[in-house]
Amino acid sequence: MKARALGFIAVIVTVIALSALATPPPTAAADVITSKSFTGFAFEKSTVTAAMKKQIKAWVEATATPSAGYTMVGCVGYTGFNANRREAAFLQSLAEKRSRNICNYIRTLRPIITLESIRGIPGDGKSATARKVTVRLIKPGPPDPPDPTDTETPTPTDTETPNPTDTGGGGGDVVIGQCDNSLNAKMRSRILAGQFYFQSITISSISSTCYTKVMDVYLLDADGNQLATITSPAISATSITLNYSAFNPTSIRSDLIKKVAFELRAP
């Protein structure tokens with residue numbers, strides 16, 4: 001199993017070591033998240049109707065006021081019962097289109113809000129309300145404070161060339177080689193039951209040529225085994241922040257994460 005996973009990663013992605021997480025950075029305050037679900041999609045359609053837009057606009061204007069501090073949005077789209085026996089790829093695409101359309105509409109209402117993630121989940125609900133999108137408005141916690149105990153020095157066997165833009169604390173650069181040739185990654189931790197756990201990863205310096213792509217992100221241990229993953233968040237901005245709640249599973253100890261793998265691909 002391990003050999004297979006490593007071979008897969010070697011073919012399609014480039015891996016970045018995040019050894020700074022072996023000694024987790026100080027925790028940041030938790031993000032503030034407000035969520036609401038919106039229904040009203042026609043059968044097998046992804047168009048956001050005028051009635052839906054009216055509901056979404058009212059919620060956004062009441063919730064994401066300039067002083068509220070919400071700067072990110074994430075959307076999860078769902079499909080209902082597969083009455084026409086459509087293929088899984090069709091249902092996945094439909095769910096993601098519903099998600100993307102509502103997130104994009106919210107960003108027209110509040111251009112300051114950036115995209116956190118877009119996901120699609122085919123469902124089997126038989127009522128019209130199963131055709132929905134759940135929206136999360138996110139107010140990020142304050143930045144990580146500097147870690148006064150961070151005195152890490154390279155070991156004699158460490159042959160990695162120092163990166164002048166590497167800020168430490170779970171950050172680094174990675175070469176992708178698809179629509180972009182360089183990305184920057186920054187990770188944060190949180191405290192759960194007295195332990196440091198993965199909180200979020202922000203991927204920045206994304207080229208606009210990637211906006212037609214989606215990104216898969218894999219959290220890996222020291223041997224390259226997969227700890228958690230998120231698949232298919234759409235790329236529509238130069239920076240994307242993915243919260244732990246969007247990963248599967250959601251609770252991963254920071255000290256176990258040694259590498260992160262990215263795959264940029266067509267949706």
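The protein has three helices and twelve strands. Before I go on, please keep in mind that this is a predicted model.

Let me begin with the whole chain. Of its 267 residues, 42% count as buried. The accessible surface of the protein comes to about 13500 Å², and 55% of that surface belongs to carbon and sulfur atoms. Now the contacts. Take those between residues at least 6 apart in sequence: 75% of them join residues at least 24 apart.

Next, the disulfide. How many are there by the rule we use? The count comes to one. Its partners are Cys 75 and Cys 103, with a distance of 2.2 Å from S to S. Where do the two cysteines sit in the chain? Cys 75 is in strand 3, which covers residues 72–78, and Cys 103 is in helix 3, which covers residues 88–109. They are 28 residues apart, and the pair links distant parts of the chain. The torsion about the S-S bond is about 100 degrees, so this disulfide is right-handed.

Are the two cysteines buried or exposed? The cut-off for buried is under 20% relative accessible area. Cys 75 has 0% relative accessibility, so Cys 75 counts as buried. Cys 103 also has 0%, and therefore counts as buried too.

That brings us to helix 3. With 22 residues at 1.5 Å a residue, helix 3 should span 32 Å. Its end C-alpha atoms are 32 Å apart, which agrees.

Which residues of helix 3 are buried? Among them are Leu 91, Leu 94, Ala 95, Arg 98, Ile 102, Cys 103, Tyr 105, Ile 106 and Leu 109. The list also includes Glu 96 and Ser 99. When you look at the numbering, remember one general point. An α-helix has 3.6 residues a turn, so residues three or four places apart point the same way.

Last, a single residue from another part of the chain. Gln 199 lies in strand 8, residues 195–204. Its relative accessibility is 4%, so Gln 199 counts as buried. What does Gln 199 touch, leaving out residues up to four places away in sequence? Its contacts are Asp 31, then Arg 188, Ser 189 and Arg 190, and then Leu 242, Asn 243 and Tyr 244.

Key: Residues are numbered from 1 along each chain as its sequence is written. This is a predicted model: local features need pLDDT of at least 70, side-chain atom pairs count only at pLDDT 80 or more; totals for chains, interfaces and linings use all residues. Side-chain values use heavy atoms; hydrogens and water are left out. Helices (H or I, at least four residues) and strands (E, at least two) are DSSP runs, numbered from the N terminus. Buried means under 20% relative accessible area, exposed over 50%, partly exposed in between (1.4 Å probe, protein chains only). Contact means heavy atoms within 4.5 Å. Accessible areas come from the Shrake-Rupley method with a 1.4 Å probe; for residues, only the protein chains shown count as cover. A disulfide is a pair of cysteine sulfur atoms within 2.5 Å. The expected span of a helix is 1.5 Å times one less than its number of residues.
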